[in-house]
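Open the structure in your viewer and keep the selection panel at hand. The tour makes two stops, each starting from a selection.

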Amino acid sequence: GRDRTVMAVPRGGLCVRALRLPGPRPRGCSGTPAETAPWSERASKGDRKCREGGAATQERLWPPYVRERLLRFEELKGRHDETLRERAAREGRPIRVRLPDGKSVEAASWKSSPYQIAGAISRRLADTAVVATVNGTLWDLHRPLEGDASVELLKFDDAAARGVFWHSSAHLLGAAMELLYAGLLSRGPSTETGFFYDMYLEGRCAPSGDFSELQRICRSLMEARYPFERVEVGRDELFQLFKHNKFKLRFVEEKVTTPTATVYRCGPLVDLCRGPHIRHTGQVKAFRIEKTAAVYWAGNPQMEPLHRIHGISFPDVEALEEWDRRQEEAKRRDHRKIGKEQELFFFHDMSPGSCFFLPKGAYIYNALSDFLKSEYRKRGFVEVVTPNVFNNKLWEQSGHWEHYRDNMFTFQLENESFSLKPMNCPGHCLMYAHRPRSWRELPLRLADFGALHRNEFSGALSGLVRARRFRQDDAHIFCTAEQVEDEIKGCLDFLRAVYQVFGFSFRLYLSTRPENFLGERAFWDLAEKQLESSLKEFDQPWELNPGDGAFYGPKIDIQIKDALGRDHQCATIQLDFQLPIRFDLSYVGKDGADTRRPVMIHRAILGSLERMIAILAENCGGKWPFWLSPSQIMVIPLGGNTEDYARQVHQQLLQAGFMADICLDSGSTLNRKIRNAQLAQFNFIFVVGEKERASGTVSLRTRNNQQHRMRDLSVTIRRLLELKESRCRNAEDEF
């Protein structure tokens, strides 16, 4: 093959020069040779500048294992391609490809790819697509189809496509990091806000905050248009391919449970990865390093320290500019900033990860709880209270101890091991089982607002979004198999009613049987059909999420969208076949048999109350709806003899249950007092003077500066109570 150019890096990681290694030249997506060593010309200029500036010129070559890894990959790729050619010759046949508009096109199995099909329709469609779905599964655009299929092309505005785009960008970043720092790459996933890659530097100092050189190399990789090449590799071959990287070997040991797995090449990087990926690095048009962080392998401080570099990328520069605008708005709306400004809550090192809710924050907290409790009563749920501390034998019986003990607060007491509960479901199983149950009691719907504790790593804590102590609107339904469908419908109606109050739109996902499922396949099939039937009758669009169910049962995941267009998963509806078995739950059937097994449904709508408060704060930007507002009414006297009347008005408002305050600051003008109340986001402002005192009225205005004529105080209070009790989102306009 032809010589391949890769980079040599100086010890300081500042100047780059070309080193020639044997191997095939990188090729573009069309199959023509791509630009070789895109950094070579620029690097030589950088070398000259470095030398002219008197900087050190001692150089450190690209890690030797990279050359060996590339050569090994090319050998595996050759065998893989030959296998595909043989399969295409042996099994190739005409196939039908169904498109989202209902049309069908002809293609050839093991030859035609989604990209080729898209190109036959529209070149722009093909070039702007990020990834495809084939029969509901994400699929590389250049990967051949294997049979008749339904194919959909996803663009960057699709959440799944963004995840693929950012995951591919993480590979691009990893390639540059390996070049510049010569460390061991660990993990490089996409996130909701971009991507990152972790690297082990083997005792060396972490890179400084100046990432101009790293970003320059990333830009060169983008310009080179390196294709993402997918190869299926035998498990034994993986140990040889990644023998120089202990972290990749751990992934092979722990994650690869099948005879083969996939690896992807992106320029000089070869990485263990399920994929899929974008077609080539040139699809990334805007790329930026965002920040760095120090983390540990698997989040465990006892393991190796890793250096994490975060990035963000887009298919065009305009999208990056829009992202920057959104990030600025997100900073302005950050719930931690709002919480401090409005004196809602704070955190303290004496109890890290646990929130201190101040009086105004406690009002929001309780208002949300009361709202859910009122809905529970309408829908046949009963509230229960369960202990905070359980013997660890309970968690062993439930199965949580095996998978979750590292995230539990555990302690010893009288030679027994105990933990603070991280979830309510095992306690509810004990409550169900404490006496015999009859079919007449089912469905039994138990709701619990008990405090939960999870031992999150300190680096994962993030205000109210990720806390160690929190409460959930947690409920569990015990029902017969025949009742499941109706109960699921009831749960869906429940979440729609709640989300309508907040003005949230939402999307539904049906997550089906995973590979590691427990139980009988027939029971899973029945449960999935029941969930699907409930979703169809719900008359709301939903998507299939195959293989993403919990190991104990299928589930419906719900994502809400906030005012900034961000998605949040709060609600969940999960079927559980395993806990009733583990706790030997039963009920006496209509025929008198006591061996019937109930089905358990896990259900939450708000999820964590703390996290929902954070979402609501950022969604409304601190302008709380009247019924939930911690600052509902400000009373402002005009001075003189009107202060006594203002106090009377204030007292009546408090007695009526409003969050009301009074401004008696004699050093401020009326206009300043009104402006301060509006900035503090009081929904309504009552101004009272001599006329109002004499007539028992108030002059009313809103935080949006809408002014109303004088109103009778008692009539005004009644109207505001109506707006509060109806949980009106725009009470200021409806008044």
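How many of the eleven residues of strand β25 (residues 469-479) are buried? Select β25 to follow the answer: ten of the eleven are buried, so the strand is largely enclosed by the rest of the structure. Buried means under 20% relative accessible area, exposed over 50% and partly exposed in between, with a 1.4 Å probe and protein chains only. Strands (E, at least two residues) are DSSP runs, numbered from the N terminus.

This is a predicted model, in which local features need pLDDT of at least 70 and side-chain atom pairs count only at pLDDT 80 or more, while totals for chains, interfaces and linings use all residues. Residues are numbered from 1 along each chain as its sequence is written, and side-chain values use heavy atoms, leaving out hydrogens and water.

Strands pair if DSSP finds at least two bridges between them. Here Leu446 is opposite His476 of β25. Strand β24 (residues 451-453) is also antiparallel to β25, with three bridges; look for His453 opposite Arg469. Then select strand β30 (residues 599-608), antiparallel to β25 over seven bridges, where Met600 is the bridge partner of Phe478.

For the second stop, select Glu304, in the loop between β15 (286-296) and β16 (305-314). Glu304 is buried, at 13% relative accessible area. Its side chain makes a polar contact (N or O atoms within 3.5 Å, one able to donate a hydrogen and the other to accept it; residues adjacent in sequence count only if both atoms are side-chain atoms) with the side chain of Lys246, at 3.3 Å. Leaving aside residues up to four places away in sequence, the contacts of Glu304 include Tyr200, Phe247, Arg250 and Trp297, where contact means heavy atoms within 4.5 Å.

Note on methods:
Helices (H or I, at least four residues) and strands (E, at least two) are DSSP runs, numbered from the N terminus.
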